[in-house]
Amino acid sequence: MTSGKLPAVSWISAPEAFSEHSNWPSDFGAWYIAKVLDALTSDPDVWSKTALFITYDENDGFFDHLVPPHATTPLIPGASTVSTANEFYPGKAGNADYPAGSFGMGPRVPMFVVSPWSTGGFVCSETFDHTSIIRFMEARFGVQEPQITPWRRAVAGDLTSAFDFTTTGTMPSLPTTSGMAPKDKLRHPSYAPTAPSAGTMPKQESGVRPARPLGYDLTVTEQAHAGTIAVTLHNAGRLGAHLQARLVTPVGQPHSYTVSAGASLDASWPVAGDYDIQLHGPNGFFRRYAGHGDSTLLADVAPAGASHQLQLKLSGKPGQQVVVTDAYGGVERRLNGNGALTLDLRASSGWYDVTLRTVDGSWTRTFAGHIENGKPSSSDPQLGR
């Protein structure tokens, strides 16, 4: 690095001692990363044209409430507007050690983007995977990788949204890691902590971070159909999106839906009596359809104009009373069955979490997510409280 002879693309695989696996102190990893950064930033000319991606291959899946995207397969029901070819492993007949299954994506892992165009502590909530770094090289050098599947290209981004190439920033001063340098070359035993007698839930770090603008623009429109919850998934954004439907009541297998940019997809789930269906998508997108029996009451939400305004519309009987609870505003309001309401989301940077329910509790709809307007915003303030 310091000789000025770096190729256009370099891969650095840290030795085991600096990989932050459990049998080595994590301080060793911080020390190693600092050494790499020191080398890259020692030459201003090199640093002025460098982007460093720091990735981790695992996090054990602990504390992650999000199910990773999976293409619809013979084992996962649903639908996709893009080809899912080569996203399913058929297994080996008669060999239980090689069962059939989706290649899918794994639990989320940490990733840092360090460069002159990614300063400021911004978070980027677009869905990425291991192919995203390859696609970043595609975008930078114009060389196509033919082995990335259409489904993965639709769902995972190319990492360009993590940057702001219109501005450049200087390398900030970082805390010293001199005291974290390895003191020996021995392989340390894996750390085995003693479980506490009384467990406590971990707490989210307080506060919010600035966030990059993203190209997601999803809407879900419900239609009235006897015996089913029927919706149309529409993607007006420039990014493809994966959504998972969780059939809580009646209990059913999760369904997978992929909607490419500019496409729409119809989905329906049979219900009888009590029902509770929850739809999860990227960037905090969430919809819940719960209640009892068929209902002619429908609700719709959509951005109102280009600002952070959200409009709720009800379609039902004028005499029906619906209670509207805004998790960010902390207030309850009432609407009749064909009323409308506009919420100002500027204080929450475009984040919303609204629940509508009838007074008798027989019908509930929840709408949550983030309105993107092409400008930087912030991470979800509800999570940082």
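Accessible areas here come from the Shrake-Rupley method with a 1.4 Å probe. By that method, the protein exposes about 21400 Å². Carbon and sulfur atoms supply 55% of this area. The model is predicted. It has 385 residues, and 39% of them count as buried.

**Overall build**

- The protein has 4 helices and 21 strands.
- Its C-alpha atoms fill a box of roughly 75 × 55 × 55 Å, taken along the principal axes.
- Take the contacts between residues at least 6 apart in sequence: 64% of them join residues at least 24 apart.

**Aromatic pairs**

- A search of the whole structure finds 12 aromatic pairs.
- One of them joins Phe-18 and Tyr-32, with ring centres 5.1 Å apart and planes at 15°. Planes under 30 degrees apart count as stacked, so this pair is stacked.
- The Phe-18 and Tyr-32 pair links distant parts of the chain, 14 residues apart. Phe-18 sits in the segment before helix H1 (26–41), while Tyr-32 is in helix H1.
- Trp-117 and Phe-165 form a tilted pair. Their centres are 5.8 Å apart, with 50° between the planes.
- This second pair also links distant parts of the chain, 48 residues apart. Trp-117 lies in the loop between strand E5 (111–114) and H3. Phe-165 lies in the loop between helix H4 (150–155) and strand E6 (210–211).
- Trp-117 has a relative accessible area of 16%, so it is buried. Phe-165 has 48% and is partly exposed.
- Phe-18 and Tyr-32 also belong to one aromatic cluster, together with Trp-24, Phe-28 and Trp-31.

**A nonpolar surface patch**

- Val-9, Trp-11, Phe-141 and Val-143 make a nonpolar surface patch of about 420 Å².
- Phe-141 is found in helix H3, which covers residues 131–141.
- Phe-141 is partly exposed, with a relative accessible area of 38%. Patches are made of residues with over 30% relative accessible area.

**His-242, a buried histidine**

- His-242 is in strand E9 (residues 241–249).
- Its relative accessible area is 11%. Buried means under 20%, so His-242 is buried.
- The side chains of His-242 and Ser-256 are joined by a polar contact of 2.9 Å.
- A polar atom of the His-242 side chain also lies 3.1 Å from the backbone oxygen of His-70.
- Leaving aside residues up to four places away in sequence, His-242 touches several others. Among them are Pro-69, His-70, Trp-151, Val-155, Ser-256 and His-280.

**Gln-309, a buried glutamine**

- Gln-309 is in strand E15, which covers residues 309–315.
- Its relative accessibility is 17%, so Gln-309 counts as buried.
- A polar contact of 3.4 Å joins the side chains of Gln-309 and Asp-344.
- Asp-344 is also one of the residues that Gln-309 touches, not counting those up to four places away in sequence.

Methods: Residues are numbered from 1 along each chain as its sequence is written. This is a predicted model: local features need pLDDT of at least 70, side-chain atom pairs count only at pLDDT 80 or more; totals for chains, interfaces and linings use all residues. Side-chain values use heavy atoms; hydrogens and water are left out. Patches are made of residues with over 30% relative accessible area and no salt bridge: like charges are joined within 9 Å, nonpolar side chains (Val, Leu, Ile, Met, Phe, Trp, Tyr) within 5 Å. A salt bridge is a side-chain nitrogen of Lys or Arg within 4 Å of a carboxyl oxygen of Asp or Glu. Helices (H or I, at least four residues) and strands (E, at least two) are DSSP runs, numbered from the N terminus. Buried means under 20% relative accessible area, exposed over 50%, partly exposed in between (1.4 Å probe, protein chains only). A polar contact is a pair of N or O atoms within 3.5 Å; within protein, one must be able to donate a hydrogen and the other to accept it, and residues adjacent in sequence count only if both atoms are side-chain atoms. Contact means heavy atoms within 4.5 Å. Rings of Phe, Tyr and Trp (its six-membered ring) pair if their centres lie within 6.5 Å; planes under 30 degrees apart count as stacked, over 60 as edge-to-face and the rest as tilted.
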